[in-house]
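Please look over the sequence and the model shown here, then follow the topics in turn.

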Amino acid sequence: MIARQPIAVLGGGSFGTALANLLAENGHAVRLWMRDPAQAEAIRTQRENPRYLKGIKVLPGVEPVTDLATTIAGSELIFVVLPSSALRQVLQPVSGLLAGKMLVSTTKGIEAQSFKLMSQIIEEIAPQARIGVLSGPNLAREIAEHALTATVIASEDEALCRAVQAVLHGRTFRVYASGDRFGAELGGALKNVYAIMAGMAASLGMGENTKSMLVTRALAEMTRFAVRLGANPMTFLGLAGVGDLIVTCTSPKSRNYQVGYALGQGLSLEEAVARLGEVAEGVNTLRVLKAKAEELGVYMPLVAGLHAILFEGRTLAQVIEALMTGEPKTDVDFISTSGF
């Protein structure tokens, strides 16, 4: 079925474009849907996405389209690459067309009002759909430039996982499978918050030891939170956990890192986001994550500290000082300390 039908990619940003190119490179017809007709026309005529992925040629197998209903109706496998703030608005009007479709969410965010992950929102909109999550250390430009990359397709639906592996796995892009959809998706959402702090630390010239400490304690913190919500802690030792955390906290190509770096240079949050020109999901995630952690009683000092910096007038130096004077906990929460 997939081989005879186009594969749909909903969202014409940098990752959506890179993903569409990967699929086309593997010999599949791809319909790249976007809301902006001018953007679609630019890709159609220039074979390039000048706004989000300048300099990367969009392959002939990728057809830019703007008719959402027709795109969904004509595809069985659909990659959802929409900003978290737009996902409901885009999919709700076409919910009746989604039954039985394989929907793969790639968006790493959390809905503010409900604390739902993107695949949970899709499940609510399309309860009869087959749902998976694609997550991992997947910087869009590097994928588009054929840097060796790996990702995780996570779903309880093994056939869906195999289908995604079949269409995406290629000479420079490896696709691994996981049954922990919730854990993989939560890792992808949470890491964006810590990338902002990592970017700030880099901008302020903090040492390599400091950066390593921040990343490692971020992993401990996000795992603690995810397990409290029912995720498998082992998921966070893989690509969707520590793998994604490393790349987003160390690469200047990471959008959330860029926001943090700009903040470290003295820009306001509004100026930093405006300079980026794209969505930095970590800013939105931070607000809802801090509230949820407090509600659940989960100890997340880095989240509380970054929230204090962005919304309460604190500095990174003040937050680090508070972290250094706090009570030291166990290194890894899920290893028995009985041997101490």
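Helices (H or I, at least four residues) and strands (E, at least two) are DSSP runs, numbered from the N terminus. The model is predicted, so local features need pLDDT of at least 70 and side-chain atom pairs count only at pLDDT 80 or more, while totals for chains, interfaces and linings use all residues. Residues are numbered from 1 along each chain as its sequence is written, and side-chain values use heavy atoms, with hydrogens and water left out.

- Two strands pair if DSSP finds at least two bridges between them.
- Strand E1 (residues 7-10) runs parallel to E6 and is joined to E6 by three bridges; Ala-8 has Ile-78 of E6 as its bridge partner.
- E6 and E7 also run parallel, with four bridges between them, and Phe-79 is the bridge partner of Val-104 in E7.

- Contact, or touching, means heavy atoms within 4.5 Å.
- Glu-111 sits in the loop between strand E7 (102-105) and helix H5 (118-125), and its relative accessible area of 15% makes Glu-111 buried.
- The side chain of Glu-111 makes a polar contact of 2.5 Å with that of Arg-88. Not counting residues up to four places away in sequence, Glu-111 touches Arg-88, Lys-116, Met-118 and Ile-121.
- His-28 belongs to the loop between helix H1 (14-25) and strand E2 (30-33) and is buried, at a relative accessible area of 17%.
- With residues up to four places away in sequence not counted, His-28 touches Ile-7, Leu-23, Gly-61, Ala-166 and Val-167. The C-alpha atom of His-28 is separated by 43 Å from that of Glu-208, 180 residues apart along the chain.
- Glu-48, in strand E3 (residues 48-49), is buried with a relative accessible area of 12%. A polar atom of the Glu-48 side chain lies 3.1 Å from the backbone nitrogen of Gly-55.

**Annotated positions**

- UniProt positions are given in the numbering used here, feature names are shortened, and annotations may be inferred rather than shown by experiment.
- An unreviewed UniProt entry gives a "binding site" annotation that covers Lys-108, Gly-136, Lys-191, Asp-244, Ser-254, Arg-255 and Asn-256.
- A "binding site" annotation from UniProt (unreviewed entry) covers Gly-11, Gly-12, Gly-13, Ser-14, Phe-15, Gly-16, Ala-140 and Arg-255.
- Gly-136 lies in the loop between strand E8 (130-135) and helix H6 (140-144) and is buried, with a relative accessible area of 0%.
- Beyond residues up to four places away in sequence, Gly-136 touches Lys-108, Thr-151, Leu-239, Ala-240 and Asp-244.
- Arg-255 is part of helix H11 (residues 255-264) and is partly exposed, with a relative accessible area of 34%.
- Gly-12 occupies the loop between E1 and H1 and is buried at a relative accessible area of 9%. Its neighbours within four places in sequence aside, Gly-12 is in contact with Thr-17, Leu-32, Trp-33, Met-34, Gln-39, Asn-49 and Tyr-52.

- Helix H10 (residues 239-250) has as its buried residues Ala-240, Gly-241, Gly-243, Asp-244, Leu-245, Val-247, Thr-248 and Cys-249. The cover over these buried residues includes E8, strand E9 (149-154), H8, H9 and H11.
- On a 1 Å grid over the protein atoms alone, a cavity is a set of points where a 1.4 Å probe fits but cannot get out; lining residues have an atom within 4 Å of a point.
- Grid points are joined across faces, edges and corners, and a volume is the space filled by probe spheres set on the points.
- By this rule there is one cavity of 30 Å³ or more, and the largest cavity has a volume of about 40 Å³.
- The lining of the largest cavity consists of Tyr-194, Met-197, Ala-198, Leu-214, Val-215, Ala-218, Cys-249 and Leu-302. Helix H8 (181-203) and helix H9 (208-228) are the elements that give two or more residues to this lining.

Note on methods: Buried < 20%, exposed > 50% of the residue type's maximum accessible area, 1.4 Å probe, protein only. Polar contact = N/O pair within 3.5 Å; in protein donor to acceptor, adjacent residues only side chain to side chain. 1 Å grid on protein atoms, 1.4 Å probe; cavity = no way out; pocket = protein on both sides within 12 Å on 5 of 7 lines; lining within 4 Å.
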